[in-house]
Protein chains: 2
Amino acid sequence: MAVEAKTKEQLIQEFRVQTIRDAAARVIARKGLDGATMQAIADAAGIAKGTIYLYFQNRGELLERTADHAFSQLLDEVLGILAAPGPLPERLHRLIAAQISYFDERRDFFRLYLSVRYPEGASEASRRERKTWEQHKVYVERLTVFFEEAVARGEIRPMDAARLALFVSEGVIAILIRRLAEAESVPVAEDVDWLAETILHGIALPEEEP
Amino acid sequence: MAVEAKTKEQLIQEFRVQTIRDAAARVIARKGLDGATMQAIADAAGIAKGTIYLYFQNRGELLERTADHAFSQLLDEVLGILAAPGPLPERLHRLIAAQISYFDERRDFFRLYLSVRYPEGASEASRRERKTWEQHKVYVERLTVFFEEAVARGEIRPMDAARLALFVSEGVIAILIRRLAEAESVPVAEDVDWLAETILHGIALPEEEP
DNA sequence: CTATAAACTGACCGCCAGGTCAGCGGGCTG
DNA sequence: CAGCCCGCTGACCTGGCGGTCAGTTTATAG
């Protein structure tokens with residue numbers, strides 16, 4: 001009895017948390033971080049503002065957990081690809097495809113992603129949003145290791161893996177910005193191919209090929 | 001007399017505008033966009049808050065003109081490089097060098113740059129900051145033409161110039177993020193070389209070279 | 001059906017931002 | 001030197017935000 005009741009409570013709790021998170025994500029996507037007021041989120045969730053505070057400590061926690069949840073799925077997928085075996089070009093391709101597809105199917109989340117991605121400037125940054133996007137850091141770090149291993153294995157030419165990791169992650173964003181800017185985009189596969197190809201071989205003319 | 005007086009007025013006007021713009025840039029750099037309140041900017045400029053409104057309509061205009069002014073110098077330089085003759089690798093190199101050097105010497109401005117760079121999300125974006133960074137658009141458009149011409153001239157292999165332009169501009173940002181994240185950076189030249197090299201030749205092993 | 005507890009509500013609070021404007025004072029004119 | 005002009009000031013206003021909590025509604029138990 002006690003156990004069952006507790007479980008039920010937890011389910012309801014979880015359901016409410018999820019409802020609020022989803023509403024927050026929708027509002028941020030539509031109006032940006034600044035436009036995502038507690039009232040707007042409450043309205044979007046169809047509840048009263050006060051109710052949010054039964055499930056989240058404050059606005060900061062809500063935003064943070066919204067972002068964490070929204071991207072944990074993508075992060076898992078990406079880390080899986082990084083951990084899997086296979087030739088580098090194929091894994092790089094899958095890596096890029098996963099990210100572009102994710103945001104292409106959830107265009108609104110990209111705005112949330114951008115809002116949250118950059119390190120709050122050095123020095124005495126405002127207290128707002130301290131945690132600075134833990135997941136993105138994990139991703140870049142893991143990507144760095146990925147390239148380090150590729151260099152060690154002789155799959156790519158020797159180069160600074162950390163620089164490369166950031167370069168690749170920004171390259172994905174470049175393409176996404178372009179995709180989302182235009183109303184009707186080319187197929188995802190085209191952008192993925194282009195990006196993988198460009199990162200692998202650069203833009204210069206091939207030196208000597210048949 | 002009238003003319004001279006008018007000139008003097010204009011000089012004073014311009015001096016005030018510049019003082020305020022500079023103060024705004026400093027504050028944004030130190031505290032971020034959100035932390036750049038009118039009061040904070042006034043304090044930094046050593047004037048009263050009300051005075052700002054004698055020279056700028058409102059906060060939006062001040063921020064916009066601050067950004068415009070801060071980067072017009074960089075934009076001029078970059079457009080000059082794009083318009084100049086020379087072999088593509090060299091021009092690409094100079095292009096990257098100009099941007100990285102600029103922000104390396106004015107690290108604080110990079111924060112301002114990031115704040116302002118992205119298109120305000122589609123749909124019914126908040127009225128805040130409408131103009132969406134005209135200069136950056138000009139830069140990317142001009143860069144697109146630059147690559148189109150390079151393709152036409154056979155200097156690089158055929159590829160989508162618009163995609164490439166965005167890719168290059170984001171690549172610069174990737175390196176800048178990395179530079180500014182670490183306290184003591186490697187020489188600018190190293191990063192520039194790396195980026196130009198990577199964009200030109202990619203990361204794959206060379207096919208067949210001596 | 002009633003009593004009690006839990007979940008929910010939204011009017012309210014304090015705070016702080018952008019923006020205003022009546023008045024102050026330093027310098028130019030006559 | 002008097003007095004006016006005008007750039008400048010900063011106390012003040014207004015609005016909207018995050019956050020609270022007394023009161024209401026709803027669910028559960030007996």
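I began at DNA strand C and sorted the residues of the surface near it by class: 5 nonpolar, 6 polar and 5 charged. My classes put Ala, Val, Leu, Ile, Met, Phe, Trp, Tyr, Cys and Pro as nonpolar, Asp, Glu, Lys and Arg as charged, and the others, Gly among them, as polar. "Near" requires a C-beta atom, placed from the backbone, within 6 Å of the molecule or strand.

A note on the source: this is a predicted model, where local features need pLDDT of at least 70, side-chain atom pairs count only at pLDDT 80 or more, and totals for chains, interfaces and linings use all residues. Residues are numbered from 1 along each chain as its sequence is written, while chains are lettered from A and ligands numbered from 1 in the order in which they are written.

I looked up the 16 residues around DNA strand C; A:A48, A:G50, B:T37, B:G50 and B:N58 come nearest. At least two residues each come from α1 (2–35) and α3 of chain A and from α2 (38–45) and α3 of chain B. The largest share, 4 residues, belongs to α3(A). Helices here are DSSP runs (H or I, at least four residues), as are strands (E, at least two), numbered from the N terminus.

I then turned to the 15 residues around DNA strand D, of which A:T37, A:G50, A:N58, B:A48 and B:G50 come nearest. Two or more residues are given by α2 (38–45) and α3 (49–55) of chain A, and by α3 (49–55) of chain B. α3(B) has the largest share, with 4 residues. By class I found 5 nonpolar, 6 polar and 4 charged.

**A helix pair in chain B.** Next I checked α5 (residues 88–105) and α9 (residues 188–201) of chain B: their axes come within 9 Å and cross at roughly 140°. Axes are lines fitted to C-alpha atoms, for helices over the stretch in contact, with angles from 0 to 180 degrees between N-to-C directions. The contact (C-beta atoms, placed from the backbone, within 7 Å) includes B:L92, B:I96 and B:I100 of α5(B) and B:V192, B:L195 and B:I199 of α9(B). I counted 11 nonpolar, 2 polar and 2 charged residues in this contact.

**Chain A overall.** I noted 9 helices and 0 strands. Of the contacts in chain A with a separation of 6 or more, 58% join residues 24 or more positions apart.

Terms used. Two residues are in contact if their C-beta atoms, placed from the backbone, lie within 7 Å.
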